Amino acid sequence: MVAAVVVLVGSLIASGLVYDHKRVLTYLGLAGVLWQVTWLTLTFLERVVFPAETSAQVLFIGSFVFLISALITLRFRSIRLPFGRGHHDLVGEGAIMLVLLVVLGAASLIWRVNGFQDHAWITHGFFNGDTVTFMALTQRSLNETGLVQQNPFNANESLEYPTLLHAGMANIFRDLSEGSGWLYFLPTLTYIWIFITVPMFFLLWEVVIGKTVASLWQQLLIPSVTILYLAAVSWDTYIYPQSHFFLTGLFLFDVFCFTRAFSTLHDKRLLEILGALTTVILLLSNAISGTVAVALAVTYCLLRRQPYYLCAAIIFIALFFVATPGNAAFGWPHFSYTAGYDMLRLSPIVAVILAAAFWKRVTLPHISAAITVITGLAFVTFFFSQRNIVVENASRFFYHGALVGFPLVGMAIPLLWSYVKRVLRGFQISSPQSIITLFLLLGAVGLLLLPAGTSVVSAHDNLMRKDTQDIDTATRLGLWWIEDNTTHNAVFLASPEAPFAIPAFTGRSLLRTNYWLSQQDSVFADIEAAFRGDKAAQEQVLPAADYVFLTAKERASFEPLPDSYTKVFDSRAIVIYEIPKQ
């Protein structure tokens, strides 16, 4: 892992070159994001541009090019570090630490009941979907040299999911461990990315509004409370590993680059280049984050109103249509009340941010315009997409809009607090009007806290108690055999229900699954019937796979199989048959 360490050293230098930090935690957070940008760029070069070369060569050479570039830059400008008397913001450091402790504590609660527990892999709730997807695509990336384009949940058919992030993760662990051993590092990765992401909120806050409050307690509480509230309304985004979790810091950096480039001439070209590069990385890593990043970049370019910026906007739009897999399937308007609940949960903070954006539309035109465009994307997706999975994710556009505009809330809080203080000073217990005003204020606070509290409680309930899945040692023995003895594109017939152990631990594909990444077609129906003991359905689906993977309970429904089927693994708890080709 020489390349990763070299990139880290270069990122620590670059963090001090890109921004004049006054807090150690934002310095380290920006260094972590710059490491991620550089590493994913090198991953793209290694897997797409120079696939014929070995991974070690491209990553090794690229990492030293980055480090040397950072060192050369030191000859022309000084590095700005958050040390020294009068330069270090201890109050700001304390605010970041407060939020970090809360989020890290919540994540530690999640990992106490998930992951490897007494030699078994145990998961709950969202782990069985989002985390399994992340695991499967990262594991598949370990087995391939390019970006993953085959769907491990749907018989290796075309994958509607960008995979640059997963390839980057695979490159980290390719030299550290073999096979599924990297999963032992997943809790550590979670804590590291929390440590990177949380300071980026404060860095963006500082860039947008700076220190606009007078007292120390306001400097500590206003950003901390605002950021904690924003995190709370989508709490599951920050406390367990999945694609959006690993990309949040990267998206905040994208907002940072374009916001600062719009407001200053200093380092303008560098920030524009970093913003454009980050936009492309997000586009190749996640459909929603990438779409919002493109909207952010195009908004920036259009507001510049110069020919070459308009050309850049056209290029970004073209990249969006070329690089984004899948189909939103837009059609006639409709209303999904199930997806509407998530939209409602985010509506209070989005409404406040939209009002603040209107208020600051002259002084902060880029942020105000970007929030408007992103909110519009949420409504267009919600009302016009004909695919349930796309509609269900419309709320993520809402949330990304909140990520762009949350510092605007901080500008409004002192004004609101001044109003509340005036009301409280004039409070008289004997005055019915004062009592009514007090209850109105309490009701307003309750309405704001309700979505955040609901999100936090439901996230922990889901991730710690719901839908428990257990992959025991006996099952893992079968998975190790698959990893060591089958080709990476082998297709398995196994139970279509969670926890999808085969793709998650080996990267091999299942014929069909009861999951949004899999077709719910006649083959899926036959597989469900086959595992209910339907012999005709078994005869129909078995030839479509390379192997059949059965637990002890499932053996009775399938066995005996024809003599031409070769039993290649049998531990009583798990049996694997190789299916002869016709």
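Q: Hi! Is W516 buried, exposed or partly exposed?
A: In this predicted model, W516 has a relative accessible area of 35%, so W516 is partly exposed.

Q: And which ring does W516 pair with?
A: That would be Y161. The two ring centres are 6.2 Å apart and the planes sit at 40°, so the pair counts as tilted.

Q: Y161 then, buried or exposed?
A: Buried, because its relative accessibility is 15% and the cut-off for buried is under 20%.

Q: How many aromatic pairs are there?
A: The count comes to 37. One of them is F116 with Y184, where the centres are 4.1 Å apart and the planes are at 10°, so this pair is stacked.

Q: What does the F116 and Y184 pair tie together?
A: F116 belongs to strand 1 (residues 115-117), while Y184 is in the loop between helix 6 (164-174) and helix 7, so the pair ties together parts 68 residues apart in sequence. F116 is partly exposed, at a relative accessible area of 22%.

Q: Which rings form a cluster?
A: Ring pairs join F134, F173, W182, F185, W193, F245 and F246 into one.

Q: Nice. What about charges over rings: which residue lies over the face of W359?
A: K360 does, at 4.6 Å from the ring centre. There is also R361 over the face of F358, at 4.0 Å from the ring centre.

Q: Switching to the largest nonpolar core: which residues touch the most other members?
A: F253 and F256, in a core of 152 residues. Helix 7 (residues 186-209) gives the largest share of this core, with 15 residues.

Q: What does F256 touch?
A: Leaving out residues up to four places away in sequence, F256 touches V18, Y19, L203, L204, V207 and L271. A second, separate core has 20 residues, including A529, A537, V541 and L542.

Q: What is T190 in contact with, beyond four places in sequence?
A: Its contacts there are A107, W111, I239, P241 and F245. As for S108, 82 residues from T190 along the chain, the C-alpha atoms of the two are separated by 9.4 Å.

Note on methods. Residues are numbered from 1 along each chain as its sequence is written. This is a predicted model: local features need pLDDT of at least 70, side-chain atom pairs count only at pLDDT 80 or more; totals for chains, interfaces and linings use all residues. Side-chain values use heavy atoms; hydrogens and water are left out. A nonpolar core is a set of buried Ala, Val, Leu, Ile, Met, Phe, Trp, Tyr and Cys residues joined through side-chain atoms within 4.5 Å. Buried means under 20% relative accessible area, exposed over 50%, partly exposed in between (1.4 Å probe, protein chains only). Helices (H or I, at least four residues) and strands (E, at least two) are DSSP runs, numbered from the N terminus. Contact means heavy atoms within 4.5 Å. Rings of Phe, Tyr and Trp (its six-membered ring) pair if their centres lie within 6.5 Å; planes under 30 degrees apart count as stacked, over 60 as edge-to-face and the rest as tilted. A charge sits over a ring if NZ of Lys or CZ of Arg is within 6 Å of the ring centre and within 35 degrees of the ring normal.
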